[in-house]
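Welcome! Here is a short tour for someone meeting this structure for the first time. Take a look at the model, and then let us walk through it together.

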Amino acid sequence: MLVVFAIIVAALVLFATEPVPIDITAIGVMVALMVLEPWTQIAPTPTEGLSGFASTATITVLAMFILSEGVQRTGVVQLLGAKIGSYTRDSETKQLGATIGVVGPISGFINNTAAVAILLPMVTDLAHEGGTSPSKLLIPLSYASMFGGMLTLIGTSTNILASSVAADLGVAGAPFGMFEFTALGAVVTVFGAAYLLTVGRYLTPERIRPREDLTEEFEMGEYLTEVIVRDDSPVVGQTVREALETQNFDVDLVQLVRGEEVFLEPLGPKSIQPGDVFAVRTDRDTLLDLLDAEGFDLLPARIEEDDLEAAEEEVQNLVEVVIAPGSTLVGETLASASFRQRYNATVLAFRRGPELIRQRMDRTRLRVGDTLLVQASGESIERLNNNRNFIVAQEVYRPDFRKSKIPVAVGIVLVVVGLAAIDVLPIVVAALGGALAMVATGCLKPTEVYDAVQWDVIFLLAGVIPLGIAMQKTGGADLIARLLVDSAGALPPLAVLGLLYLVTATLTNVISNNAAVVLMIPVAAESAARIGASEFAFVLAVTFAASTAFMTPVGYQTNLFVYGPGGYRFTDYLRVGTPLQLLFAVVTTLGIAVLYGPVMP
């Protein structure tokens, strides 16, 4: 038990601090438990340790990613967004209501993380077109996706995992049915929406002021300047790539003007000629050094933001790009990732929460949620939009949407839900059949299936499942349950249920929600057994608590999605999320007692 607890503590520290991605930590935990099994004689055996890869929860989540991608490829959500935009116009109340009202139900039927990734561009566009700060809409978008995901079993990977773990423990009522907790999900959704439209609306800060263009939002005016190449410049005859490689200045070339022609990325192969005019991003001190060393002259007028905005309107060359969870660029720098060369795009600035970074960007290691201000050609932006490493935070025209497949894709999802709901097929079989149908009907191409899966989530699930097995086999779950019940003293079972919710919610705000549910469901079952309460009620409380991490940006992937685009600070999540977390603790606890019968059977 001590060995397992030591591994769990180490895992919690790694989950919270993330020196390596959490899926790598999960695999490390799985390997450590199996390596120690011959000595402890009680840790998971290799068969048990690897069982996460064959778990119905893991396979179901994998299939749901494919189903979600099939729906996304039809463009149905984007069409919905266009209709919403014509309704909301410049009313912040309507924009907020539409955001919550759309993402909540959608999150119940496609993975809520995917729902936020799809809707993020729509919501930012709603804000910009209506003159509203994106900050006022993006935290509500994330929060609504979380409680919307509690409407059905398939709304979030946490629900599916909780159902599987509870079934393995023999909890009565598990595995959960498709609409097992829909009534409770609807209750918390109503309370959550009411909070976000009232109290939460006034607590949500306006970190990014409404703006007309991206250069204004990123305050780029003082960093954009035009220089002209002199006849005696040492860079004449070199390509742009060669010139950039030989100088050590913190400068980016934004565009090249030669006569009447304007060139954007890729600029690297262009040969520099006398009289070429470059728009450059740099600070004043670096500019003076650059002029002296490289043979440039400063043009009389600095580039104004509206000039660059005019270029943006002509060629659609400025976009915000968010680093997505699981991106291969996490931990890399722009230089080490060869961003300019790989994507034919120039990063003018990037925002990390409220912080705007414009200097030495090429040396700053990227994190999930970083928002890059990127200039590129329309073709390059489209490639970025199709790349799973990024979320382009505004609508990009997609001619490849399969609009004719909208009824087919939506129908497949409804059939999957229906078959699982009436117990014709287990959810894992129905979901796999639906994933296959997406390919067979042309909603997805075979080559798109593997790209649809968030493999970091799959490996995270497979890695943490053995933790629950170890907790059970060593008696760790029993020990924690005993400590929890003893600390509650003479509290009634309903209060113990509420305490368990708060403990789980606190844990899931620090570590992965999937790790939290694996650790706490065995504790919930043991706690219920100790006081003679309903195991199902206690497991349900943990499931809801693990899926609603409102208090930190790191508690849930969707919070990280909106962290950069909203310009939020860490404390914003505490300010807006803490009252909501406490409200949900009360509503969920009482809702379980009212909707599912007494906590004491």
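Let us start with a charged pair: Arg73 forms a salt bridge with Glu448, and their closest N and O atoms are 3.5 Å apart. A salt bridge here is a side-chain nitrogen of Lys or Arg within 4 Å of a carboxyl oxygen of Asp or Glu. Since Arg73 sits in helix H5 (residues 56–74) and Glu448 in helix H21 (residues 446–452), the pair ties together parts that are 375 residues apart in sequence.

Please keep in mind that this is a predicted model, in which local features need pLDDT of at least 70 and side-chain atom pairs count only at pLDDT 80 or more, while totals for chains, interfaces and linings use all residues. Residues are numbered from 1 along each chain as its sequence is written, and side-chain values use heavy atoms, with hydrogens and water left out.

**Salt bridges**

- Side chains of opposite charge can pair when their charged atoms come close.
- The count of salt bridges comes to 9.
- Arg73 is buried at a relative accessible area of 16%, and Glu448 is buried at 9%; buried means under 20% relative accessible area, exposed over 50%, and partly exposed in between (1.4 Å probe, protein chains only).
- Glu92 and Arg201 also meet through their side chains in a salt bridge, at 3.5 Å from N to O.
- With Glu92 in helix H7 (residues 92–107) and Arg201 in helix H12 (residues 199–203), this pair ties together parts that are 109 residues apart in sequence.
- Glu92 counts as partly exposed, with 22% relative accessibility.
- The salt bridge between the side chains of Asp370 and Arg352 has an N to O distance of 2.7 Å.
- Asp370 lies in the loop between E8 and strand E9 (371–376), and Arg352 lies in strand E7, so this pair ties together parts that are 18 residues apart in sequence.
- Asp370 is buried, with a relative accessible area of 1%, and Arg352 is buried with 13%.
- Salt bridges that share partners join Glu69, Arg73, Arg388, Arg402 and Glu448 into one network.

**The sheet around Arg352**

- In what order do the 5 strands of the open sheet run? The order is E8-E7-E9-E6-E10, with antiparallel pairing.
- Strands (E, at least two residues) and helices (H or I, at least four residues) are DSSP runs numbered from the N terminus, and two strands pair if DSSP finds at least two bridges between them.
- Strand E8 (355–357) and strand E10 (390–392) are the edge strands, each pairing on one side only.
- Strand E7 (residues 345–352) pairs with E8 in the antiparallel sense over 3 bridges.
- Arg352 stands opposite Glu355 in E8.

**Aromatic rings**

- A pair of aromatic rings is described by the distance of the centres and the angle of the planes.
- There are 13 aromatic pairs by the rule used here: rings of Phe, Tyr and Trp (its six-membered ring) pair if their centres lie within 6.5 Å, and planes under 30 degrees apart count as stacked, over 60 as edge-to-face and the rest as tilted.
- The rings of Phe339 and Tyr343 form a tilted pair, because their centres are 5.0 Å apart and their planes are at 50°.
- Phe339 and Tyr343 are 4 residues apart in helix H17 (residues 339–343), so about one helical turn separates them.
- Phe339 is buried at 2% relative accessibility, and Tyr343 is buried at 9%.
- Phe176, Phe181, Phe536, Phe544 and Tyr596 are linked into a cluster by ring pairs.

**Two buried polar residues**

- Asp276 lies in the loop between strand E3 (261–263) and strand E4 (277–281), and Asp276 is buried, with a relative accessible area of 1%.
- The side chains of Asp276 and Arg258 are joined by a polar contact of 2.7 Å (a pair of N or O atoms within 3.5 Å; within protein, one must be able to donate a hydrogen and the other to accept it, and residues adjacent in sequence count only if both atoms are side-chain atoms).
- Thr558, in helix H27 (residues 557–563), counts as buried at 0% relative accessibility.

**Backbone details**

- Ala174 and Pro175 are joined by a cis peptide bond, with omega about 0°.
- Pro175 is found in the loop between helix H10 (157–168) and helix H11 (182–197).
- Asn344 is not a glycine, yet has a positive phi of about 50°.
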